[in-house]
Amino acid sequence: MIKNVLQNTLGADVYAVISLLLFVAVFITMLFFVMRASKQYIKRMSELPLENDGTIADVIKN
Amino acid sequence: MSRVETFQYDNKIVRDFSIATIVWGIVGFLVGLIVALKLVFPDFLGFIPELSYGRLRPLHTNAVIFAFAGNAIYVGVYYSLQRLCKARMYSDLLSKIHFWGWQVIIVSAALTLPLGITTSKEYAELEWPIDIAITLVWVVFGINMFGTILKRREKHLYVAIWFYISTFLTVALLHVVNSFELPVNFLKSYSFYAGVQDALVQWWYGHNAVAFFLTTPFLGMMYYFIPKAANRPVFSYRLSIVHFWALIFIYIWAGPHHLLYTALPDWAQSLGTVFSFMLIAPSWGGMINGLMTLRGAWDRVREDPVLKFMVVGVTAYGMSTFEGPMMSLKNVNAITHYTDYIIGHVHLGALAWNGGLAFGVLYYVIPRMFRSEIYSNKLANLHFWAATLGIGFYAIPMYWGGITQSLMWKEFTAEGLLRYPNFLETVTQIIPMYALRAVGGTLYIIGACVGAYNLYKTAKAGALVANEDAQAVSHRDETDPQGTYWHRVLEGKPIQFAVLSLVAVVIGGVVEYVPTVLIKSNIPTISSVKPYTPLEVEGRDVYIKEGCVGCHSQMVRPFRSETVRYGEYSKVGEFVYDHPFLWGSKRTGPDLHRIGGKYPDSWHYMHFKNPQTISPGSIMPAYPWLADRKVDPSHIEGKIITLRRLGVPYPEGFEKQAADDMKSQALAISKRLAEGGSQVEPNSEMVALIAYLQRLGTDIKHAPKEELEGGKQPSTSQNQ
């Protein structure tokens, strides 16, 4: 079916397949690296907005 | 040795953007209510051209997107960026230029759109001088943002900032590419692209404006303000990395889903569909991440207006991003497209997601910047419930009405005839839904006004801390214990980060843009399709000026229900001289692509004068001024030259005869009208517009059969 809809344009089938492969490659690479992230780093980053802003209000609060 | 640095956050600029958000928000909502009422009472506000539906609708959409949501984005960015970077904004002067520049752009939009100065491309209606101003102000915002990021004291960039960076870069790219246009004069230009190419670029822009103006910056705000307000870290930081990269990478490919079943080549449509469907994954990943951040804190959602608005907002985001991919499936799209279902969908997004986040952020920042408590939790509750109920009363009637009308369009009798051959029947059927929608909108506005009052009183109870003292240790003094992890390294290098996210976005952009280039050589030519005559060019510009495209499409899809109702389905080769394309996106009135020759000139004259005399019960507004307003003959020469430069094959020297050509065609039409008993000046806008309408979609009637067969093949089952 993919071939059918793509055959109007010369080389478009290759084009679509390359696009899809490209996407899958990028996605899997990213996923791989994300899985490998250290716990410490993830914890530090996720708490980043909650650290005090360094303002007077924070000083009073703490 | 770490040393503590003292600096100040700029709260004044956040306050200014907050005021702008509230004021423009209420203005934008009110204009929306006016256009909603005009669909129930077409005579509402009389016959003032500047207040007609076609001209006010783009004002409403622009006001809500760029004035309300735009200013809300700047509130969120200016507040959170400073705190996440532990630094003041890079330059107070740039902040000020950004603020005032943006407001001037909004005012110029509010002046030009009602005057009919428009390019007609949805959410990109503003004419070229304003386009340039937008570019400049956007660059100022970008410099200010990157400057702040570069001088930050916190080494790492939190996920919210990535979303802000991608917003800046992608919107810049979209705006510039879609705004390629050739000026005729100071307030008029023609799109650089034509027909199907113009459509593809426009919806690459339109789709991604929703993605990178109404989604990514608000996701950034979600990732900062929900953890802040709930006082707990984001549910999964790992998920947020996946969310970010997957979202910006996929989103940009999905634009063609706005053009399903149109004359766009099938393979481009399929690409759009596949990527739209995949979008569910990152979108829902984001929604889950936002909502799950509140796990164990749901009791606070009951009490805190900030969290209430945000929960409704993020939930609506999940619903909208489910609807979107579903409507990208061809069989669903066949039913929902061109109907009010889309209007329901976008308002769920705008009122609940953007509105919810915007008001949530305002309820968060105002008390903190003014050192006060929220003036009244009761009023905040009232605001919340009025808004939430308003959204329900808005969206549900639109969904219901949209599907009802669509099914009526497609219904056949046992004899094989359309059950509702008169389009008007399908409109009058859903007018009660239009009325209910206006009730929903009114509720939302009441809520917004209560919210504005509450925030005003909150501010009054305290005093603005314009420059808030803060202290932090600069990251330059920090040692990094684990500098090797890739994303951690990347977050320490904002420029490389920006380049990488731009690459992610550009890949999708190129994938979509290359087809447009291919298409140029692939448009099946139809030899009988000729450029418009000078009078028709002027008529087309009247069509653009009056915003006819806001209610009428010019794209007959290859469905039996449409070819029986309107005539031959639209071929891609028919639009090669259309700068800009006018396919439209909504059918409040019938499609007009095959209107040419369907009715006599006098029918159009009477219909413009008073549609109800010809079609009792019609909700089309009257356009009596078309008969009085004159077409200025001095512009046509420039228009012909401009169009020729863009590739329309007018012969050399034709521009000199254009005015005469225009006059003689106009005389013939006014003579025919006079014979029918209607006296109209030949140089009136009415005559030009009639000339254009009578030409629409007629060229194909003289085309050789084999050229039409070489055109786009209908790819659908003929039963729809």
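In chain B of this predicted model, 65 residues of domain 1 are in contact (heavy atoms within 4.5 Å) with 60 residues of domain 2. An automatic or database domain assignment sets domain 1 at 4-513 and domain 2 at 534-717. Local features need pLDDT of at least 70, side-chain atom pairs count only at pLDDT 80 or more, and totals for chains, interfaces and linings use all residues. Residues are numbered from 1 along each chain as its sequence is written, chains are lettered from A in the order in which they are written, and side-chain values use heavy atoms, with hydrogens and water left out.

**Between the domains**
- The two domains of chain B bury about 5100 Å² between them, 64% of it on carbon and sulfur atoms; this is the accessible area (1.4 Å probe) lost on being put together, summed over both.
- On the domain 1 side, Y190(B), Y261(B) and Y338(B) lose the most area to domain 2 of chain B, together 16% of what that side buries.

**A helix pair**
- Helices α1 (residues 12-40) and α2 (residues 53-85) of chain B pack at about 155 degrees, their axes 8 Å apart; helices here are DSSP runs (H or I, at least four residues), and axes are lines fitted to C-alpha atoms over the stretch in contact, with angles from 0 to 180 degrees between N-to-C directions.
- That angle makes α1(B) roughly antiparallel to α2(B), a label for angles over 145 degrees.

**Backbone details**
- L45(B), in the loop between α1 and α2 of chain B, has a positive phi of about 70 degrees although it is not a glycine.
- The peptide bond from H579(B) to P580(B) is cis, with omega near -10 degrees.

Definitions and conventions: Helices (H or I, at least four residues) and strands (E, at least two) are DSSP runs, numbered from the N terminus. Angles under 35 degrees count as roughly parallel, over 145 as roughly antiparallel, 65 to 115 as roughly perpendicular and the rest as oblique.
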